[in-house]
Structures are given as C-alpha cells and as structure tokens.
Amino acid sequence: MSAASRAEAPAFVAKTKAGRITDFVDARVGGSGMLREFGRKVFPDHWSFMFGEVALYSFVILLLSGTFLTFFFDPSMAETRYDGSYLPLKNVEMSVAYSSSLDISFDVRGGLFMRQVHHWAALLFVASIGVHMLRVFFTGAFRKPREMNWVVGSVLLILAMAAGFTGYSLPDDLLSGNGLRIIDGVIKAIPVVGTYISFFLFGGEFPGTAVIGRLYMLHILLVPALILLMIVLHLFMVVVHKHTQYPGPGRNDGNVVGYPLGPVYAAKAGGFFFIVFGVIALMAAFFTINPIWNYGPYDPSPVSAGTQPDWYIGFVDGALRLMPGVIGDFHFEYVIFGYTLTLNVLLPALVPAGILFTVMFMYPWIESWITKDTREHHVLDRPRNAPTRTAIGVAGFVWYCVMWAAAGSDLIATHFHVSLNDVTYWLRALFFIGPVIAFVVAKRVALALQRKDREIALHGRETGRIVRLPHGEFIEVHAPLDEYKRYKLVGFESPSPLPAVPNDHGIVTRKEKQRAFLSKWFFEDRVAPATPAELEAGHGHHAPAVEAGEESKSLSH
Amino acid sequence: MGNHSDGSPNHSGTVATAGQNEVEKFQDPGIPPHRLRLADTDPKAAKRAERQVAVLFGASVVGTLIFLVAYFAIDLGEGTSIATIRLQNALLGVGTAFAMLGIGTGIVHWAKALMPDHEVSEERHPIRTEEDRLAAVRIVDDIVEETGIKRRPLIRNTLLGAMALAPLPAIAVFGDLGPRPDRALSHTMWAPQEGKLKRLTRDPDGTPIKASDVTIGSAFHVIPEGLNELHEGKLNEKAKAVVLLMRLDPASLNPSEGREDWSYNGIVAYSKICTHVGCPVALYEQQTHHLLCPCHQSTFDLTNECKVIFGPASRPLPQLPIAVDAEGYLVATSDFNEPVGPSYWERDEHERSIKS
Amino acid sequence: MKALSQKRRHPLAVIALLLMGLLITGGLYAVATTVNQAKASTTSFSANDTAEGEKLFAANCATCHGMGASGSQDGPSLVGVGAAAVDFQVGTGRMPMQMNGPQAYKKPAQFNDDQTHQLSAYVASLGAGPAIPEEHLLDEQGDAAKGGELFRVNCAMCHNAAAAGGALTRGKFAPALADVSGKHIYEAMVSGPQNMPVFNDANVTPEGKRDIVTFLKQIEANGSPGGADLGALGPVAEGLFVWVAGLGVIIAFTIWLTSRTS
C-alpha cells in the first residue's frame, strides 16, 4: 500500500531554487491548504476598522523597543551615586534602576529614542484599544456571534493597563515612586487583608527593595505573555467569525463584501504597520515623554506638583480626587468592631471602575436579554440607528471622561485661571448629572440624524440650486438619490418594543415585566426607515405639500 | 406607546426582531457597479503612480541613511551637551519615520492606485452546523462512556478532591514574598532611643535645627536625627518619619486639651504623609495656614490641628510633639501618638495600643 | 474698577515727571553714584534713595499699605519685610496690585529699576529684613545637582519638579519659574511672597539658594533632550497629546488608506 502510493505521488519538481525551498516547506507543513483558505479571504474596508490593527502594531513596536531597553535596564533598588553624563543629577544618591534609566537616556546612543518610542507606543496601544472598543460598541459588533470576542477584548484592555502601569513604575523616579505610594495606600485600605497584601507586594514596608524587580518580571514576562495569548484568541475568533461590515447595497448577514486579502488588503494592512511605526517615531523624535531626569530619584519626602498616572489609570485617580473624605460631620473613614474601614479610599478606587468593567463585560448579554435578539449579526448598526445603545455608550463615555478630567483638576485650575476647589465641585456635580445629560442629548441627536436620513431618502439631497417658478415662487431643487445611496439610508431594522410574554405556565413573571419595561425604554423612541410606498406618495405631490404633511404628522404626536 | 416619535405609517411587527414586512422595504440593489480609476484607463496616470510609489520607497532609503549617519556620527558620553542629545534623538526619529512611512505609504499607494480594486462578495458559512454538533456529541458521549467516570463515582470524587487541593502548594510558596506586618506601621524613628530625644534635622543634609532658626512664615522639611546614617531600610524609615515644621503666630494655634505643649512658641511639626493614600503633603500656604496635598488635593487646616477642610482625606495629619533641648535645638518629645500615613485595617487597634 | 486704577495712575505720572526733571537738572551726580554702588553691591542705599523712595511710596503704595508702611485693611505692614521683598514684588510687577484677588499676578513692571531701587531703600530703612542678594550669589556657578536636591525637597511640590508651576487652594497657584531672573527667585525664597513660605538662611543657606538658582537656570538653558517638552506638565499633557495629535494623525492615515483613488 505504502509502496504503491509512493509510486503514484505526483512528480512535481520546482524549477527555481526558491521554488524548491518553498516546496520543501509546503510539503511538510501544508502551506498550500492554508493559502487556499486564506489567500483570497475577503475583508471589508472602512477607516474605523483599523484601530484594532493600530493596537496590534503598537504592541509589536512595544515588544521590539522593549527588548532593546531590557538590554540596558537594571531593576535593582540598591543605592548608588549617579555617575553618568547628566550634570544636574551628578553624584546624587539614587537606585540602580533609576541610574540605569538615566544611562539609557543619556549615555546609550539611541536609548532616549527607544525609551520615547516605547512610552509613546504604550500610550497609543491603550488609546487605540479604547477607540477600537468604542467603535465595536457603537456599531453593535459585539452581538452574536462575537460576544466572547468582546470579552477577550475587554480582558486585553485590562492587561494593557496592567502592562502600562507596571512599566510606568520601573524607572524608580519621583513620579513613579509617588504613584506606587498611592497604590500602596489604596491596597492598605482593603479590609482584612490589605496590610498583608501591601507587605507581600513590597517585600515588607513601603518602599522596600523588592518591588521594582517584581514589577519588572510582571512587565516583561507575565503580562506580555498573557497579552499575546489573548491576541491569538482574539484573532482566531476574528478568522472564525469573519469581519463585520457596515450596512450598504449588496451587504447582508450572509455575505462579506470587500477586498481580497491578497494582494490589496494584505498590502494595505502590511503597509499600515510601517505607517503606525513612522507616526510613533515622529512623536518620539520631537516630543518628550516621561522626562525622568526632571523628576529626580524616588525619595519619600519630596513630591512634584502635577503628580499623575499615565492617562489610562487617570480615571481611577480622578475618582480618588472627587471623593470627599468628610461630608458635614460624617467621616468616610470609621472604626467598625475595632478595625478601620477606609471608605473614602475604597469606594472611589473600586466602585466606578467596578461598574464600568462589569457593565462592559456584561453588555452583550444585557442587550440581548432586553431585545430577545438571538440572531447572528454580521452587518453593523450605524450608531444613529440604535439610538438607545448609542446614548448608553455616550453616557458611559462621559462618565469616564468626568473622572478622567478630575485627574487633571489641578492643571485645569492653573490653565484656565479658576479655583482648584471650584473645579472639583463642578466635576463632583457632573459625575452624577453628566451621564444623564449625555444620554438625553445623544439619543436626541441620533433620532434627529435618523429623521434627516429619512428626509434625504424621500426627497433627495439639497443641491443648493434655487429656482424661480413661473408663478414667482422660489424653490430649492432637490436631487433624487440613486438606489445605492438610498439603500444605505433605508436599509436598517427598526424594531418596536416587545411587550411582556407569558411563560409556559401562562404567567408573566416579574423578570419578564422588567424586561418588557426595558424593551420599551430601548425601542420606544424610534424613526422607522422610509418605505417605497412613502417614496411613491412623495413623488405624486409637489415637494412643499409633502413638507406640510410631514410637519402635521410630527405635530400630531 | 409604539407611535411615540414613530415615523412609520403603520405598526407591523409585534415582535421586535421581526422588523417590517418585506414588501414594505426597499430592495437591496446589490453591490454598486465598479467605477474605474484614472490609472485603470490612462497608462500615463498608471506610470505616474508607479513613479510616486518608487519615490516613496526611495524616501525610505534616505530615512535609513539619516538614521545610520546620526547614530555613528554623533557619539555620546561625558561632556555631551543636551542640545547634542536632542539633535541625535530628533535625527534618529526623523530617519526612522522616513524609513517607515516611506515603505508604508509606498505600499498603500501601490495597493490603492495600481492593484485591482474590485469589491468582491464572499459567502459566510455557518460557524457550526447541526451535523457537526451531533457528531461531536456522539464523540463526547463515547469518550465519557469509555472512561467509565459516570459508573465509578469513587474515582471521580477522589480525583476532584485531589485536583482541588493540588494548587495549594502553588499558593503557599508565595508565603515568603514579604514578612508579616505585625506592628511595623505603628511606630517611626522619632521614638526616643535610650532616653535620648531625637533632634529635628533638615532634609536632606541632616543638620539639626534651632528653634530660633524657624522664623514666622517658614516651612522646614524635616527628617529625624540619624536617618542619613542608616544603612538598611533608610527609605522605609524616611517614608514614615518625614515631617513638616512651620511657625505661626502662637495665638492662631488652637490646641486641644492635652496637646498644648506639643508646639514650641508657635512652632509646630506635622507628619508629611497624607492620611488619604500617602503622598507627601508639603504645600504650605503661609498666609492661609493651609496644607495641600498635590496628589488628590486634600487640604488640612494648620490652625485647627490639621483638620481636613477639603478633599478625599478623612483624618487629620498626625502631630509630632516637639520641645527644645538644652542647646536650643528642636527635639521630638516622643514618637507620633498614632500611626502615620494612610489608614489600614489594623490601624485603630495600633492607635489604641500606642495611647494606652 | 478701571476708573479707579486710572486715577491711581495720575499721581504716578506726576511723580515720574518730577523725577525726570530731577534726573535731568540736578540729580545727575547722585544717580551716577547709585548706579556705581549698585554694581559694586546691590544692597547699599544712599540717603537720597530713601528719600525718593518715601515719596514714591506715599504716592503709589500708601493707599493700601498705609502711611509709613504700617499697614491697613487693604494691605499688610511692610515694616521689617526688607528690601528683597520690595525688589521682588515691584520688580516683577506684582505690586502695585492690579485688583484684589486670591493672588497678585506677574505683569510688566510699573517702575523702572531706579524707582524700584529707591522704594526698596525706603522700605529697608523702616526695619531690618532680608536684603537684596549680592551678585556672587547669583552667578549661576553653584552646584546644580545639590541645588536640584534642595529644589525637589523644598520647592517641587508647589512649583513642579521641572519648575512648570502648580495649583494651590482656591484660585491661588505657584507660578512657573522659567524666565524669572535669578535675583527674583532668590528674593522670593528669602521673603516668602504671598502664600509662599519663607526660606531663611538658616533653612536653606545662601550657598544652597545659589545652587537652586544654578539648577533652575541650567535646566532652563538645557531644554529637554527629548524634544518639545509639552509644558513639562507630566502625564496629563502626554495623554492629551497622544489622543489629539497621535490618534489624529493615525486617523487621517486610516481615512486615506481606506478611501478610493480617483
């Protein structure tokens, strides 16, 4: 049997040397099959689909520049006297970690550039994950079958923040040292085990001599490994699901319209890596980031005005700032059964972040429970066509931004010449009413945009051309849309609220009533897409008559 | 309920997911016809695009050269000026940016202008077919059956027990990450040693401070005597012991009962470590007598024993009782009367034991 | 408010005219000697300076600080604040104060160097206080590293580690220190203007202050080795930059990348 099959093997012989090598590899790993599967795989093209790639490419740049930095960085907290070439710190007592960070900046050629590339790439990494998640949220791309990938992405966000924070602390400068001290303070506020966790993390009392080395191991080994693992899972699921696409002519849940991977999409995506790298290099060339030489070595006594974490931890720092420690005579720190409970630290450190992340992780299930929508979705929603979801997203984003702004309250005060205390009072108020206002405004804007779409679909777009009719009337000429453009404006679903349904025993449960209530809230305000009948009716009349009809209709509600 | 802001002429679907009736909807006209680009029809335009791509790749080569020249022509070391470092950093960055952007924009321009831009449609296949599911269920059933785990609960239960306990050593090995806290947080270096009171000394050089040195409106940053001579754990001690020393008009101080003799002639000493999360509270406003923490803006009123008047802190800063020794130097008469710094679970217990 | 301030400016104009007259007609000798003395040692004042300073004070400052600088509801007594305080407050334009507020702002100086000198002389004559620093303390030849250490311990919490300034409570702030002369920095330390604490010579020695000035001038002259410093404001400025400029440029590229070529 085996002898026979050997004899039957097709005698393909490659002609060139490269061909022979390719054939050798292919025959052993089965590359032809993979290429057949993926070589012409179709990817939809839209600028908002690129943020995930920005994050991926930033991560690759982080690995490259980070590897360079590890060759010169020494995470020891042993004391030394600085002997490098930066004069304003000459002979100053500092840790070896800080000294080696200074050497990277001043005595290693290209070291400063690599540090700046690494740090800018880190900020961009987390920022692009954030924007990518906003895109996924507002277009409804998290719906079935992509709920789990949304969760993996959320885990990636948390891991990216962890990677950033552990890296921020490594240079052991005054800024990062005070950052660690704040973390220590927050950890100590944890009931029962807080003090122990603090002692375990720092290897004894703060600051100790262990923490930089430990964070270094997490930063260069554990966290990046987990990020890589999650990226593999994330991309695997993207391949399984295929990419989503925006609604439009020829696009539906059963197909995917775009460019084939080879050559166009591969060229664009591949070229984009170099573009992202180039942009980061430009930032590193001309803009200082984390000037550790300004801050000086860590010492528990000094602190610099404007001590803040990097932007992605900012919202937690802002929440800490917004929390009042005392209201009237009520102290948020009190003694319970002989033990100290520090709610003025615990509440702001855990609750807002807890709510944000819990809702973020759960949102796909929350929405599908309310809407009872269990179908697969591959065509995205335009944000305006899901007004309530859009409003929820904007409200959450505004809430986040209020806390984020609070982390810079001192800089807001100095730059706009207002009182620091007033900034805090205003932000405390916005913390509660900001999301509400944002929800209402965003929903109204979305509905207004839907009405505009309807208007354009039915009456065409404004041309700006004014014509005087024979009887003296002036009208603006509207140009009718072609069917492709019109389909983009009308091709969406507009579900109406789903009333409570009795279960098998004929009883409407309380939970079902709540769901029905939320469904009403979710879908009540809606603008249905224009229909062919309406377009037909519109063509039968003069434009002004239709306008009047519209007017009276909306007034009647 | 349904017609609230509802623009549709009638209400068709009672089920949210049903949407409108098919007849009422516009028909999908399909993918729009392909529009040719300039480069598809005009060979000159195609040639021009080709040249543009080549120029971009050429720019990348120039960028690489800039990087190499900047790296080798500028050397760093003793006596290099900051301007030189800035120049090298800028050139390395510009070189890299050109090298990368040249390749990136070149490839993308190539793809956009010259590669075919026909949109194609690909069918989506179900992620899981019912056939696959049934086959998988059969396989899993067979596997479970062959292991016999359902029939032999003893094996299953002991295995579960073993698996539940096995990770314990992995947790236990982290027991040596740090020592137990014990009472480390409840005392500082200010405690008198062998009856000798600790002098207040200047941060960072450690020279003692005379009461007469501290004029009204002054703020001294203070460390305990002997801190700089410590070899081990200097920063740990400093992290708890740093103190801010200020002098006010004695009339503006309002000491509570039992704390009248903690100050000297209007000179007061307070812990610099914020009771919120531990930043150094070092911003002293000499006219308002407020102390402000730069990290989270907790504000303490010095005239009121550092009571919190704004911000997230909840507890006053601990005061260090001070006096003057025979030579006129300021000394701490005892350690702080409570644990300094941010609160922790056992704090109240420690405070009670200090006071008793 | 505006009318008031203009009224206040009137007497100043008269005094300035008078002074000009004096300078041109009879006072040339006196001026020449003060200038020479100022070069040799900035802290010595002639009797003439004091007398002229008193006139200037009565016309411009006494409204708030009271006759004889004994203070009033609107301004503190200046007896014993010393020449350094006057030279700082008037020399940086903080005094005369534009309007009442949480804090006096820096603005173009209202008096020229001679007038400032005379005002300093007058206030110094009222009671002993910190003097204007001597030249050798401002030569910026001290130990920058030592100065940096002192700066971080004593100054950075309000003025920021890179001297970019910071916020205080209720609308007050610690200003940025770039473009402030070494003399004014020194004077601020010894006199403790507004809410800034006093750093007398027993706290930070004159040598230490010289080191601090050296440090500040050195980092100012150096600039940032990494390129533009984004205001040296730390992570907030960096975060804002990456969101606005970094992501902005990237988005521009993504739009170009996914657009159709004509």
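This dialogue goes through the chains of a predicted model and one interface.

Me: What should I know about numbering and confidence?
Reply: Residues count from 1 along each chain as its sequence is written, and chains are lettered from A and ligands numbered from 1 in the order in which they are written. Because the model is predicted, local features need pLDDT of at least 70 and side-chain atom pairs count only at pLDDT 80 or more, while totals for chains, interfaces and linings use all residues.

Me: How many residues of chain C are in contact with chain A?
Reply: Contact means that C-beta atoms, placed from the backbone, lie within 7 Å. Here 51 residues of chain C are in contact with 55 residues of chain A.

Me: Which element of chain C gives the most to that side?
Reply: Helices (H or I, at least four residues) and strands (E, at least two) are DSSP runs, numbered from the N terminus. The most comes from α11(C), with 17 residues.

Me: What is the secondary structure of chain A, and what of chain B?
Reply: Chain A has 21 helices and ten strands; chain B has eight helices and twelve strands.

Me: How many residues are buried in each?
Reply: A buried residue has 20 or more other C-beta atoms within 10 Å of its own, with C-beta atoms placed from the backbone. The buried share is 50% of the 557 residues of chain A and 38% of the 356 residues of chain B.

Me: What radius of gyration does chain B have?
Reply: The radius is taken over C-alpha atoms, and the globule rule is 2.2 Å times the number of residues to the power 0.38. Chain B has 38 Å, whereas a compact globule of 356 residues would have a value near 21 Å.

Key:
Two residues are in contact if their C-beta atoms, placed from the backbone, lie within 7 Å. A residue is buried if 20 or more other C-beta atoms lie within 10 Å of its own, exposed if 12 or fewer, and partly exposed in between; C-beta atoms are placed from the backbone.
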